[in-house]
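Please read the points below alongside the coordinates.

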Amino acid sequence: MDSGIIRCIDESNEDKSMKKSGKVYLVGAGPGDPGLITVRGKSLLEKADAVVYDYLANPKLLQLAPADAELYYVGKKGGAKHSHTQEEINGILVKLVKEGKRVVRLKGGDPFIFGRGGEEIEVMADQGMAFEVVPGVTSATAAATYAGIPITHRGYTATVAFLTGHEDPTKAASNIDWAKLSTGAGTLVVYMGIKNLPNIVEKLLKYGRSPRTPVAVVRWASTPRQRSVVGTLDTITQIVADAGIKAPALIVVGEVVSLRDKLDWYEKRPLFGRRILVTRTRQQASTLVAGLEEQGAECFECSTINIQPLENYDEIDGELERLKEYHWILFTSINGVKYFFDRLHKKGMDARDLKGPDIACVGRATADLLFTYGINADLIPSTFTGEGLAESLLDLGVEGRNILIPRAKVGYELLPETLRGAGAQVSVVPVYQTFPESACMDMVREKLRAGELDILTFTSSSTVRNFISMFGEEGREELFKLLKGVKLAAIGPVTGKTLRDNGLPVDVEAKEHTIDGLIEAIVDSCTSPD
Ligand code: SAH
């Protein structure tokens, strides 16, 4: 036993001493979609002491790093006021490694493809620093794939070349041999070429590529902002100018582009191009966001309610002492379940103390959470609302029954009132409280003013109430005006009624009052003919 403990202590010391020697991990972040980072890259990010990242690396990936990891943005976006020189970036990396840190140098796409990753890592090698390199999905393959273009195909071409369009093809001493390249590879993918597109096209035509060669230009590939246009060498310059396509974009030249008509899949997803604001409580897991993104939407999250514990638990503590006297406990939200059990456990009690009363949940999500605490709900109404729950209970008969409802301090009164009206003794006891959040108001107002939101989702009456109150009396008139061009989506009839009661329309209402039901209703509303 003793030796086991000593070994354990030894190992932890060893760990610390190992940490002293730092290392740089040059990691490809992939092209934009955070799901396209490698498993190795993800695991290194999860253990990083410091992350040094670029403009093209999706900031969502930073959330993988430990909360206390140091983050350095060294973006080099063209025209940005402050951009770090390569020397400064090298200096940051060297300093961090010397401090003994595990440094993830996160670069867009693949770090060794037009990313100056080679130069950065050469400096590490010159200085005798330890390093590793993790390849990434480069934007060329991602842009083509997400635009429905296989860059090679047996029926079309067996060769592909990646080139930079950054250098001015008109300059005398070009590093690119256009005469050989133009017809030397079946597919050409040009990075950083948008500004020079007219010159690139001119070179390709001059050196023998047919003016009818199909060309695709893809901007912000593999992100919800992806935009792509297609033409031929003859027409693409004008098409790109008309569409206002700017960097970052890739140019794909070759017969394979014609396959896009048949193989386009990413931009055909039902919610592609839709910008959706998801109002939610800070603590709620974002399953709605994940589901909408899966369908192609670009989501912005806005916490309208901040859920907090209570200052005083005397009331619920008193009820926990007399749980046996209850016939029913009703949970009307997942937070009700979570905070009720937190308190139960704090009192040294557990699921066994809930043997007596039957337990009902307002909906499936609430019942699913209850199940994780070891209890199967005795009743879930077929309509997942307070009314639905009241109806189901009335059917069973509630006269003379003692009913406990642990829930938010301020809540919907219809359920307890209906039950009381039918002769039940109802105790409504707070287990948590809610406050409106105003942090996201500015973001929402800005996006609405710029016409950059298509749909707003509401998953409870309190998200509606808190969303509106966030804007205050003074901001309400403008908010309502701005909401005219936007679809409002409610998870069910109660949330919908709260929207209407507040003078707002309900454009989408889920038939099944769940997150999946809401996603389905939004997809239907965006794909139905009118
Ligand atoms: N190392 C990166 C390339 C860096 S060079 C990689 O492997 O992808 C920067 C150029 O990459 C941009 O100018 C653009 O041409 C291209 N690029 C990077 N990400 C892109 C994206 N999501 N969509 C379109 N082009 C992208």
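1. Which cysteine does a disulfide join to Cys 302? The partner is Cys 440, at an S to S distance of 2.1 Å; a disulfide here is a pair of cysteine sulfur atoms within 2.5 Å. The pair links distant parts of the chain, 138 residues apart: Cys 302 is in strand 12 (residues 298-308), and Cys 440 is in the loop between strand 16 (425-436) and helix 16 (441-449). A search of the whole structure finds one disulfide.

2. This is a predicted model, in which local features need pLDDT of at least 70 and side-chain atom pairs count only at pLDDT 80 or more, while totals for chains, interfaces and linings use all residues. Residues are numbered from 1 along each chain as its sequence is written, and side-chain values use heavy atoms, leaving out hydrogens and water.

3. Cys 302 counts as buried because its relative accessibility is 0% (buried means under 20% relative accessible area, exposed over 50%, partly exposed in between; 1.4 Å probe, protein chains only). Cys 440, at 10%, is also buried.

4. The sulfur of Cys 299 has its closest cysteine sulfur in Cys 526, 11 Å away, so the two are too far apart for a bond. Cys 526 is in no disulfide.

5. The protein is divided into domain 1 (22-136), domain 2 (141-263), domain 3 (275-304 + 437-527) and domain 4 (308-435); the bounds come from an automatic or database domain assignment. The C-alpha centres of domain 1 and domain 4 lie 49 Å apart.

6. An open sheet of mixed pairing has five strands in the order 6-7-10-8-9. Strands (E, at least two residues) and helices (H or I, at least four) are DSSP runs numbered from the N terminus, and two strands pair if DSSP finds at least two bridges between them.
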